[in-house]
Amino acid sequence: MFKFIGTYRLYISIVATLIVLFFLMYQTYNEQGTSRFQMAVQTITYPVQTSVQSVVSTIKNTWNSYINLIEVNEENKLLKQQLLNMEEKLNQHIENSVQFFRLRSQLLFAQKKAHKEIFSEIIGESADNTHQIRLINRGSNQLLQRNYIVIRKEGLVGRIQSVSPYQSSVQLIIDHRSRVPALIQRNRVRGLIYGTHDGMEMRQINQHAKIKIGDRVISSGLGNLYPKGILIGWVSGINHEPHELFKTARLDSAVDFNQIEEVFAILPSKSDSNLSVE
Amino acid sequence: MMRLFMLSLGFLLIGVLMNIVFNYYFLPVGLKINWMLIFILVLTFRHSSISLSFLGVFAGMILDSLSHGYIGLYGISFFVTLLLARQLIKLFYANTFFAVSLAVSVMTILEGWISLSILGMLETELNQSSLMLTSTLPLAVLHGLVTPFILQSVIWGENHFIGDTA
């Protein structure tokens, strides 16, 4: 027996390593939480990421503010801010009017709950090319937990996939594993937002539903994960084959995921039942 | 042997650093270069030590932690790729810049195919063929272009830390 092990120890260790790795992968796939190894790696890499991010943003800010046309930059910021405010107001107006005509506005206002938002900066992103993950500089020390929602003023960003003490990884809604129950704001047609490799699609739309390019898409609140009414994007194309049961709409996202530097993580209130948190 | 392991560990840490910092700000053709894989492949082509394959498992697990979170996926793909790389250098001499670049490109394609295949089992909606074409193949070319610089730094590291044994 020992002779056999001695002769084939290399092959045995290779096979054992593969078995252990498969077991680990299967376990982390099933548990869908943050493993200790992942937490350790994220905790160790956190200081490097934050310090580099801090240095780069300082240089960037200096360049933008003092060298690169100060006034134009400030004016641009102001206009962008105004545009965002208008966009948010428009979103609220449309949402409120639709709800009013459906005699639900009072009820919805009564149900509105106060959320606490935690400001976070993006300090890194997924190390591979397959997944759309961003790392933020807030973690379990700031009370963040898996499945908390991450937004920006423009709209929905994603959900927290894993947390370590000082940082969390956020799965963007354009990640191919992401699913967000959504509806067309104008006519309340339901669908499911799928992340694709190069953007988003709204699938499982009723084949008789009347949707048009430019329709605003918001989260529907179904599934108890994403709160209702958060802007996701606009319909940019519609695809429907006659033999298919459902329509598919391509979406332009409200958030420019290539440009985001700061996000807000939503801490649900204690009475909030909209967010399911593990 | 110990020196080689320490040198490899050092390069691995540099690879991690480049993966998490450099890739965030520098994305040629929108792709993230897998520095850890290049370092460990180049070292394997030069030394073919089995310990490098096991070090590759560690590298893969770090990459898993910094991406999708399925610990072991890249660990497996790195491990298998490095084991095959050890066999590959028995077939042809891979110690010139061009040969190493070519070998790294081929191995990148293999690693990409393995990781996407395993990922496809976990995430059924993953479009593997599309990702192979839009991500893995261009990445393999990029890796091939970057490899001479990595090889040069590995040679430099060997000269300084391993000395005559390199």
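Two strands are said to pair if DSSP finds at least two bridges between them, and the strands themselves (E, at least two residues), like the helices (H or I, at least four residues), are DSSP runs numbered from the N terminus. This is a predicted model, in which local features need pLDDT of at least 70 and side-chain atom pairs count only at pLDDT 80 or more, whereas totals for chains, interfaces and linings use all residues. Residues are numbered from 1 along each chain as its sequence is written, chains are lettered from A and ligands numbered from 1 in the order in which they are written, and side-chain values use heavy atoms, with hydrogens and water left out.

In chain A, strand S12 (residues 262-267) is joined to strand S3 (residues 149-151) by two bridges, the two running antiparallel, and here Val150(A) stands opposite Ala265(A). S12(A) also pairs with strand S1 (residues 116-125) of chain A, again in the antiparallel sense, over six bridges, and Glu117(A) is found opposite Ile266(A) in that strand.

Turning to aromatic rings, a search of the whole structure finds nine aromatic pairs over all chains. One of them is formed by Tyr8(A) and Tyr11(A), which are tilted, with 6.4 Å from centre to centre and 50° between the planes; rings of Phe, Tyr and Trp (its six-membered ring) pair if their centres lie within 6.5 Å, and planes under 30 degrees apart count as stacked, over 60 as edge-to-face and the rest as tilted. Tyr8(A) is partly exposed at a relative accessible area of 39%, while Tyr11(A), at 54%, counts as exposed (buried means under 20% relative accessible area, exposed over 50%, partly exposed in between, with a 1.4 Å probe and protein chains only).

In chain B, helix H6 (residues 128-161) has 34 residues, yet its end C-alpha atoms are only 41 Å apart, short of the 50 Å that a straight helix would reach at 1.5 Å a residue, where the expected span is 1.5 Å times one less than the number of residues. H6(B) bends by about 40° at Val146(B), and Pro148(B) follows within four residues; the bend is the angle between axes fitted to the seven residues ending at a residue and the seven starting there. After H6(B) comes Gly163(B), whose phi is positive, near 70°.

Elsewhere in chain B, Ala59(B) is found in helix H3 (residues 50-65), where this alanine is buried, with a relative accessible area of 0%. Ala59(B) and Asn159(B) are 100 residues apart in sequence and 24 Å apart in space, C-alpha to C-alpha.
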